Amino acid sequence: MAPTPAVAASSSWRDDEGERWPSGDVHAWWPGQNQTLCGVPLSRARLGRLPGVLWVDAVWLQGTADTPVMAMCPRCTAATRPKRDRGGRRRSGVTGSPRP
């Protein structure tokens, strides 16, 4: 498996060199699977696979001003972050019964 997922998107556009880039609804996707990281089936959602575009490239592309509008899936964004950076509840060092 690749260290970073590829992109599946509802539409795409081509740059001056002819490369396809995502636009519209953008999801993270592991090549070889039929669903995105957030669980959306690719065929039912009519998402096009862009195996040559990595998720980190799509996140960078979203920040540039001269690209078409992209809506990054928040669930896929959360799934691609390392677990230590996700936040959430942290356990204290004491475990035991909740009752006195």
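## The faces of helix 1

Helix 1 carries the exposed residues Trp-60 and Gly-63 on the face turned away from its buried side; exposed denotes over 50% relative accessible area, buried under 20%, and partly exposed the range in between, with a 1.4 Å probe and protein chains only. Helices (H or I, at least four residues) and strands (E, at least two) are DSSP runs numbered from the N terminus. This is a predicted model, in which local features need pLDDT of at least 70 and side-chain atom pairs count only at pLDDT 80 or more, while totals for chains, interfaces and linings use all residues. Residues are numbered from 1 along each chain as its sequence is written, and side-chain values use heavy atoms, with hydrogens and water left out.

The buried residues of helix 1 are Trp-55, Ala-58 and Leu-61. They lie on the same side of helix 1 because they cover an arc of only 115° around the axis, the arc being that of the directions from the helix axis to the C-beta atoms. An α-helix has 3.6 residues a turn, so residues three or four places apart point the same way. The buried residues of helix 1 pack against strand 1, strand 2, strand 3, strand 4 and helix 2 (74–80), where contact means heavy atoms within 4.5 Å.

Four strands form an open sheet of mixed pairing, in the order 3-1-2-4; two strands pair if DSSP finds at least two bridges between them. Strand 3 and strand 4 are the edge strands, each pairing on one side only. Neighbouring strands of this sheet are turned by 35° against each other on average, direction ignored. Helix 1 packs on the sheet, touching strand 1, strand 2, strand 3 and strand 4, and its direction makes about 125° with that of strand 2. Axes are lines fitted to C-alpha atoms, for helices over the stretch in contact, and angles run from 0 to 180 degrees between N-to-C directions.

Strand 1 and strand 2 run antiparallel and are joined by eight bridges. In strand 2, Arg-20 is the bridge partner of Arg-14, and Pro-22 that of Ser-12. The hairpin of these two strands has five residues between them, and Gly-18 takes a positive phi near 90° there. Strand 2 also pairs with strand 4, in the parallel sense, over three bridges; Asp-25 has Ala-71 in strand 4 as its bridge partner. Strand 2 is mostly covered, with seven of its 10 residues buried.

## Nonpolar cores

The largest nonpolar core has 15 residues, and those with the most contacts inside it are Val-7, Val-26, Trp-55, Met-72 and Cys-76. Such a core is a set of buried Ala, Val, Leu, Ile, Met, Phe, Trp, Tyr and Cys residues joined through side-chain atoms within 4.5 Å. Strand 1 (6–14), strand 2 (20–29), strand 3 (48–54), helix 1 (55–63) and strand 4 (70–72) each supply at least two residues of this core. A second, separate core of five residues includes Ala-6, Ala-8, Trp-29 and Leu-42.

## Individual buried positions

Val-53 lies in strand 3 and is buried, with a relative accessible area of 6%. Leaving aside neighbours within four places in sequence, Val-53 is in contact with Ala-6, Val-7, Arg-20, Trp-21 and Pro-22. Arg-20 is 33 residues from Val-53 in sequence, and the two are 8.2 Å apart in space, C-alpha to C-alpha.

Thr-4 lies in the segment before strand 1 and counts as buried because its relative accessibility is 16%. Residues up to four places away in sequence not counted, Thr-4 touches Trp-30, Leu-54, Trp-55 and Val-56.
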